[in-house]
Amino acid sequence: MARGFRLSTELVGGVLLGAALGWLLDRWLGSSPWGLIVLVLLGFAGGVLNVMRTAGVMSSGGPKGPN
Amino acid sequence: MGDPIHQFEIKKFFTLGHLGPYEIAFTNSALFMLIAFAIVALLMLVPTRQRALVPGRLQSIAELSYEFIASTIRSSAGNEGMRFFPLVFSLFMFILVVNLLGLLPYAFTVTSHIIVTVALALLVFFTVVIYGFYKHGLRFLRLFVPSGIPIYILPLVTAIEVMSFLSRPISHSVRLFANMLAGHITLKVFAGFVTMLGGAGILGWFGAVLPLGLTVALTALELLVAVLQAYVFAILTCIYLNDALHPGH
């Protein structure tokens, strides 16, 4: 359970951060809803990246290319 | 049945002063932080005063915890990481003692409040950012630019890397906070079942054995979670500090 919990917080953290940043950006720039859409997707991708790193699919030191 | 959330209530003991519109109060949270600080200080200072060649029990605890954190830092952040030993060791001991204190009956769990864990995670985050820029200057930003990526998808990958970096303090803090919160609520709910079933007559007494056994088992599990989460927080701190020390990969 601890492992699954760890992975899920990584993913949720990324999405939440993207949503928050996108919402703020929209409020400042008046670009609603594009900032939210783009940043939620980016946050989702960042969360997936964190999940993959935590799970050890990729090397924990960061990306080293497509191997 | 007792309210399972009641244990997380902040109680104000007395007011220390005012900072602008905010009241600075001495709460039960502050009290348990102080107790944890005192325990850590006593555990580290008193047994090491003798400096016996053959350590006694308490000195063994102090030495073992030193060795444990030192080897964790060396394996995940290298020998340069040892300059952050005071930070990582303080974080580990504080979270460990605070988590274990929270398991005692009537005790308050400081780490079950997200503001505390966010403060700790942001401390680590800003240490990484400030030290990274101080040590490497703008080359620290190479952390976000992986090598070996074709130029046409590089902007996208960089944006994703930035998001991945920025979301770290969220998962770092939420993990500790949610583990402690969920564990303590589960414990309280199952313990509440015991009294509820016990009040339902003689059949209830037999039924109450099940949640009672579960409560005992969950307490053991919570002990594991308390230690494990302190360790996870420390090792993630090491991994993040490793980025500040060696950003180029």
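Modeller: A salt bridge is a Lys or Arg side-chain nitrogen within 4 Å of a carboxyl oxygen of Asp or Glu. This is a predicted model, with local features needing pLDDT of at least 70 and side-chain atom pairs pLDDT 80 or more, whereas totals for chains, interfaces and linings use all residues. Residues are numbered from 1 along each chain, chains are lettered from A in the order written, and side-chain values use heavy atoms, without hydrogens and water.

Colleague: Why is the contact of Glu23(B) with Lys12(B) called a salt bridge?

Modeller: The closest N and O atoms of Glu23(B) and Lys12(B) are 3.1 Å apart, and the cut-off is 4 Å, so the pair qualifies. Glu23(B) belongs to strand 2 (residues 22–27) of chain B and Lys12(B) to strand 1 (residues 12–19) of that chain, so the contact ties together parts eleven residues apart in sequence. Strands here are DSSP runs of E, at least two residues, and helices are runs of H or I, at least four, numbered from the N terminus.

Colleague: What makes Glu23(B) partly exposed?

Modeller: Its relative accessible area is 39%. Buried means under 20% and exposed over 50% (1.4 Å probe, protein chains only), so the value for Glu23(B) falls in between.

Colleague: How many salt bridges does the rule give over all chains?

Modeller: The count is four. One of them joins the side chains of Arg53(A) and Glu161(B), at 2.9 Å from N to O. Arg53(A) sits in helix 2 (residues 34–55) of chain A and Glu161(B) in helix 5 (residues 154–166) of chain B, so this pair joins two chains.

Colleague: How do you know whether Arg53(A) is buried or exposed?

Modeller: Arg53(A) has a relative accessible area of 12%, so it counts as buried. Glu161(B), at 7%, is likewise buried.

Colleague: What makes Arg168(B) and Asp243(B) a salt bridge?

Modeller: Their side chains meet at 2.6 Å, N to O. The partners lie 75 residues apart, Arg168(B) in helix 6 (residues 168–198) and Asp243(B) in helix 8 (residues 209–245) of chain B, and link distant parts of the chain. Arg168(B) is buried at 10% relative accessible area, and Asp243(B) is buried at 6%.

Colleague: Which residues make the nonpolar surface patch?

Modeller: Trp23(A), Leu24(A), Leu25(A), Trp28(A), Leu29(A) and Leu36(A) form it, covering about 650 Å². Helix 1 (residues 2–29) of chain A contributes most, with five residues.

Colleague: Why is Leu25(A) called partly exposed?

Modeller: Leu25(A), in helix 1 of chain A, has a relative accessible area of 34%, so it is partly exposed. Patch members need over 30% and no salt bridge, with nonpolar side chains (Val, Leu, Ile, Met, Phe, Trp, Tyr) joined within 5 Å and like charges within 9 Å.

Notes:
Accessible areas come from the Shrake-Rupley method with a 1.4 Å probe; for residues, only the protein chains shown count as cover.
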